[in-house]
Amino acid sequence: MALRRPRNHVDIGLPVRDLRGAPWMLRTTESRPGPSAPIDAGQWKIASQRESEKPSSETPGSEVRRMSATKKNVKREPAVKPAAAQQEIAHVPRAQAARALLDLFYPVHYAVGMKVEDTLRSSAALDRQQAIILWLVRSEGEGGEVMRRKYIEATMTSWYDITGSSISKAIRSLAKPPLRLLTIEEHPDSAREKLIRLTEKGKRFIAQMEENGTALCTWFLGEFSNRDVDYCLYIYSKVNALFDYLSDQRDADSSGAKAERVDKPVSKTTYQHPLSSTFVETQYSFAEIPKVRPKLGPRMQLDIFFPIHYKAGNRVEGVLRSGIPLSRQQVIILWIIQSEGSKENGMRRKDVEKDLQDWFEISSSSISKAIRSLTRPPLNLLTIEEHPSSGREKLVKLSRKGAIFADRMMANGTQFLEGIVEKLNDDEIDMLMHVFKRTSEIFETYPGPFRSAKPVLRPQL
């Protein structure tokens, strides 16, 4: 799906300043659309060094990232690609930051997250639930290979409106032919608990997921300047940590227990930012952000995208629903129309249906049923009207009551994200808005899918 800029996107093109607060001369850069053909993940890697890591008289941002072919049968390397031009960082007033972040969060969570998810699914060999299960084991499992089934069920039911039986069915499908990517074993210390363990075939499939995801992140970071790569890795990592902290605090408060920060074990397969142990307690200026070795950047960014999309994104979805008697599907329908539609004309029903099909993997009839449920009493939150230019097309609009509901949702989200903003200094706020805005812009020229040309699920002999 082409990424559409949200209607209510807050323009953060405010006064521009450099790292010391002095004005910059405004300049514009042209976006470079990527290739339209699918990209073989095995042919992408970073083969350049940061400008600061080698003696040079060149100015910052003038280094070259070389995207070189890695397969033996490829003799010629692609042409050298200049580094992306360094763009200005706008100053965002603190009072506007939470709502601006919410408006930027929608395209990052949905449009960007879905493209990352589709890349990890490896040519759609898995459905979304199956891909999530494997990536959970890889990212948070013991040694990146084994995890308690109850943890998987608890995590996924907190993200989606699905039952434990649906998750168990997805797990069993991964254990059966033709997939056989994991095994289900008895827990040595509990007869009622099961362990989910990757098979050798599952480990190979995970390696392919990592290769594809790393290729996508290599392209993504290659669209940033050197300076912005470091800001991107830092601020995404910090926001993930703050979401974990505030979510734990919120859960503890709702249960009446005293909030306590608990450092979760980290899988050996994930890459952590150098400042990760200090994210919650310490704030950093632009000048204090450390450089990350270029060869580690794409893998670190891959480990960042998963929690941003699933953990942070689904937490925001849950907050939007707070105190609103609607299902997750209904809330997302309102969020889509509020973010992508126009106030006067709403959205084409075909666009709403396409977005929901991508998000939920459900049939057109189920989507139509969900939309109709919002047009009828007692909800009456949407209207469906004839398109003025097409007798075969319909427009879906927020009713007056629906607009009130949507505003209430946005207020819930803004209030929650104020907790993130409170943990950031002014430099970090500007950095966050800049990186989220650039992420949305970069994925508008998405050249993927970044998938291996090799089959990854051959039948077992």
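Helix axes here are lines fitted to C-alpha atoms over the stretch in contact, and angles between them run from 0 to 180 degrees between N-to-C directions. Keep that in mind for the second stop. The model is predicted.

**Whole chain**

Start with everything shown. The protein chain has twelve helices and twelve strands. Colour by burial next: of its 461 residues, 51% are buried. Then turn to contacts. Among those with a separation of 6 or more, 73% are between residues 24 or more positions apart.

**Helix 2 against helix 4**

Select residues 128–140 for helix 2 and 164–175 for helix 4. Their axes come within 10 Å and cross at roughly 75 degrees. Angles from 65 to 115 degrees count as roughly perpendicular, and helix 2 and helix 4 are therefore roughly perpendicular to each other.

Now show side chains at the crossing. From helix 2, pick Gln-129, Gln-130, Ile-133 and Leu-134. They meet Ser-166, Ile-167, Ala-170, Ile-171, Ser-173 and Leu-174 of helix 4. By class, this contact between helix 2 and helix 4 holds six nonpolar residues, four polar ones and no charged ones.

Move on to the loop between helix 4 and strand 7 (182–187), where Pro-178 sits. Select Pro-177 with Pro-178: the peptide bond from Pro-177 to Pro-178 is cis, with omega near 5 degrees. Arg-180 lies in the loop between helix 4 and strand 7 too. Check its backbone: phi of Arg-180 is near 50 degrees, a positive value in a residue that is not glycine. Arg-180 is partly exposed, at 35% relative accessible area.

**Two cysteines**

Select Cys-217 and Cys-232. The cut-off for a disulfide is 2.5 Å between the sulfur atoms. Seen from the other end, Cys-232 is in no disulfide either, with the sulfur of Cys-217 as its nearest. The structure as a whole holds zero disulfides. Are these cysteines buried or exposed? Cys-217 is buried, with a relative accessible area of 1%. Cys-232 is buried as well, at 0%.

Next, find the open sheet with strand order 9-11-10 and antiparallel pairing. Strand 9 (347–348) and strand 10 (382–387) stand at its edges. Each has a single partner strand, so one side of each is left without a neighbour in the sheet.

Asn-380 is not a glycine, yet its phi is positive, about 55 degrees. Asn-380 is partly exposed, with a relative accessible area of 34%.

Now select strand 10 with strand 11 (residues 390–398). Six bridges join this antiparallel pair. Strand 10 and strand 11 form a hairpin, with two residues between them. Which residue of strand 11 is the bridge partner of His-387? Pick Ser-390. Another bridge pairs Thr-383 with Lys-397 of strand 11.

Finish at the loop between helix 12 (426–443) and strand 12 (450–451), where Pro-449 is placed. Select Gly-448 and Pro-449. The peptide bond joining Gly-448 and Pro-449 is cis, with omega of about 10 degrees.

Terms used. Residues numbered from 1 in each chain as written. Predicted model: local features only at pLDDT ≥ 70, side-chain atom pairs only at ≥ 80, totals over all residues. Heavy atoms only, no water. Helix = DSSP H or I, 4+ residues; strand = E, 2+ residues; numbered from the N terminus. Parallel < 35°, antiparallel > 145°, perpendicular 65-115°, else oblique. Contact = heavy atoms within 4.5 Å. Nonpolar A, V, L, I, M, F, W, Y, C, P; charged D, E, K, R; others polar. Buried < 20%, exposed > 50% of the residue type's maximum accessible area, 1.4 Å probe, protein only. Pairing = 2+ DSSP bridges.
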